[in-house]
Amino acid sequence: MSKALEGVRILDFTHVQSGPTCTQLLAWFGADVIKVEKAGEGDATRGQLRDIPDADSLYFTMLNHNKRSITLDTKNPKGKEVLVTLIKQCDVMVENFAPGALDRMGFSWERIQEINPRIILASVKGFGPGPYVDCKVYENVAQCAGGAASTTGFDDGPPMVTGAQIGDSGTGLHLALGIVTALFQREKTGRGQKVLAAMQDAVLNLCRVKLRDQQRLERTGELKEYPQYPEIGFGEAVPRAGNSSGGGQPGSILKCKGWQKDPNAYIYFITQAAVWPAICKVIDEEGWITDPHFATPTARLPHLKMIFDRIEEWTKTKTKFEAMDILNKFDIPCGPILSMKEIAEDESLRATGTVVEVEHPTRGKYLTVGNPIKLSDSPTDVTRSPLLGEHTVEVMAQMGYNDEQIAQLRAERVI
Ligand code: CAO
């Protein structure tokens, strides 16, 4: 079966996590992704957090599936010539170097356009234009600057970062959408364009509901669904809401049977208004269905802590999976807190290709997360990440270099 992005060639100048997640998605949709790496070194993540000596790390392999790897010294004049050839023959160039690195290499946007007016140049940077435009940025810096850390954690604790890589992988997703949109526009205009996804902006986009709450707080002085209401009160900025739901339906994480020994014996429980009578029946508090203190969502807001304490008395008598089974019969929205071990062993995630086992020549079998976006006419086959420079000769030949030229560039350590 054909793939959605078949025929699209990507010059992948990305490294670490944010850029590679973007180009991996494009590769899964069928684009030919040529990853350019420094000869001898490669992407720094190849050697980071290694679990097997001398084998590419899981950090690298899990972010670079379905790509080809070439090595090229882009600071060498002959390497720059090769790069010009690559730019001429690619549709998209993706990079996430530190600000200014591409210009210092001699490849400004103006120069790139001159070489290939149809090319799309897509970049991840930490910040957009402004006071921090020149800063190098990693994941947690973006989480802090994008509003995630100040709104995550508990009220009596410090700001907190989340394990979900919203700064890196989140920005990669945003960039991928920018790229396919620019490709779509190029169909009509014939022109390439510059695409920028700043990590601060991407995190803020994912924290949109907290900017909503900031404005609600400024207007009304309180956020009634937050755990600070009514006892603790509010300051000037949106506070950390612990595990309270971010939406209009109050929710919380509650202990389940075995919580004393199992750090993940918990369930997320949402008191959706539509199923309030069912919740009352399940926890044996049928009087709450008509009691004016509990009967409506507004009446319940000042009592949420007491309500969740009572529901927890019930959830503590069930395992998280038993509770799921019972609650789902009544359409009560809830979800088990799954450990990474449970997710790795989940058969349904494997059946859909969301968790995939991949064979690698130096590390053997490993698990990875497959393409979370499923297209009915463009299925994803996850293939292993490339070894450093595995496709240098193949790609150079495809670009029109003959064996002698390739051997010469090799001898001069350009490739
Ligand atoms: N041949 C020769 N030189 C190469 C090359 C190649 N194939 N590929 C890259 N280089 C050079 C670059 O030109 C740059 O050189 P100069 O600094 O002399 O101009 C150099 O390698 C290093 O690039 P860098 O500054 O991007 O790398 P770093 O490890 O110092 O910084 C990072 C890493 C991520 C902090 C920085 O790239 C960055 O801020 N990127 C933008 C934001 C981003 O994507 N962050 C997420 C990273 S994932 O957590």
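In this predicted model, K67 and D12 are both buried. The two residues form a salt bridge, with their closest N and O atoms 3.5 Å apart. Because K67 belongs to strand β3 (residues 67–71) and D12 to strand β1, this pair ties together parts of the chain that are 55 residues apart in sequence.

The side chains of D32 and R68 meet at 2.8 Å, N to O. D32 lies in strand β2 and R68 in strand β3, so here the parts tied together are 36 residues apart in sequence. R68 counts as buried because its relative accessibility is 12%, whereas D32, with a relative accessible area of 22%, is partly exposed. D32 also has a salt bridge with R9, at 3.6 Å from N to O. That pair again links distant parts of the chain, since D32 is in strand β2 and R9 is in strand β1 (residues 9–13), 23 residues apart. R9 is buried, with a relative accessible area of 18%. Taken together, R9, D32, R68 and E394 are linked in a network of salt bridges. The structure as a whole holds 24 salt bridges.

E312, found in helix α12 (residues 304–315), is buried yet has no salt bridge. The nearest side chain of opposite charge is that of K255, 4.8 Å away. Leaving aside residues up to four places away in sequence, E312 touches I253, L254 and K255.

Within α9, K210, D213, Q214 and L217 are buried. Seen down the axis of α9, the buried residues fall within an arc of 110°, so they line one face of the helix.

The chain then leaves the helix. α9 is followed by G221, whose phi is positive, near 80°. Further on, the peptide bond from Y229 to P230 is cis, with omega near 0°. P230 lies in the loop between α9 and β7 (251–255). The C-alpha atoms of P302 and E225 are separated by 8.4 Å, although the two residues are 77 apart along the chain. P302 counts as partly exposed because its relative accessibility is 34%.

D54 has a positive phi of about 65° and is placed in the loop between β2 (32–37) and α2 (58–61). With 71% relative accessibility, D54 counts as exposed. D331 has a positive phi of about 60°, and its place is in the loop between α13 (320–329) and β9 (334–336). D331 is likewise exposed, with a relative accessible area of 60%.

Finally, the cysteines can be considered. A disulfide is a covalent bond between the sulfur atoms of two cysteines. With a cut-off of 2.5 Å between sulfur atoms, the count comes to 0 disulfides. C135 is in no disulfide, and the nearest cysteine sulfur, that of C144, is 13 Å away. For C144, the closest cysteine sulfur is in C207, at 11 Å, which is too far for a bond. C135 counts as partly exposed, at 29% relative accessibility, and C144 also counts as partly exposed, at 47%.

Note on methods. Residues are numbered from 1 along each chain as its sequence is written. This is a predicted model: local features need pLDDT of at least 70, side-chain atom pairs count only at pLDDT 80 or more; totals for chains, interfaces and linings use all residues. Side-chain values use heavy atoms; hydrogens and water are left out. Helices (H or I, at least four residues) and strands (E, at least two) are DSSP runs, numbered from the N terminus. Buried means under 20% relative accessible area, exposed over 50%, partly exposed in between (1.4 Å probe, protein chains only). Lys and Arg count as positive and Asp and Glu as negative; His and the chain ends are not counted. A salt bridge is a side-chain nitrogen of Lys or Arg within 4 Å of a carboxyl oxygen of Asp or Glu. Contact means heavy atoms within 4.5 Å. The arc is that of the directions from the helix axis to the C-beta atoms.
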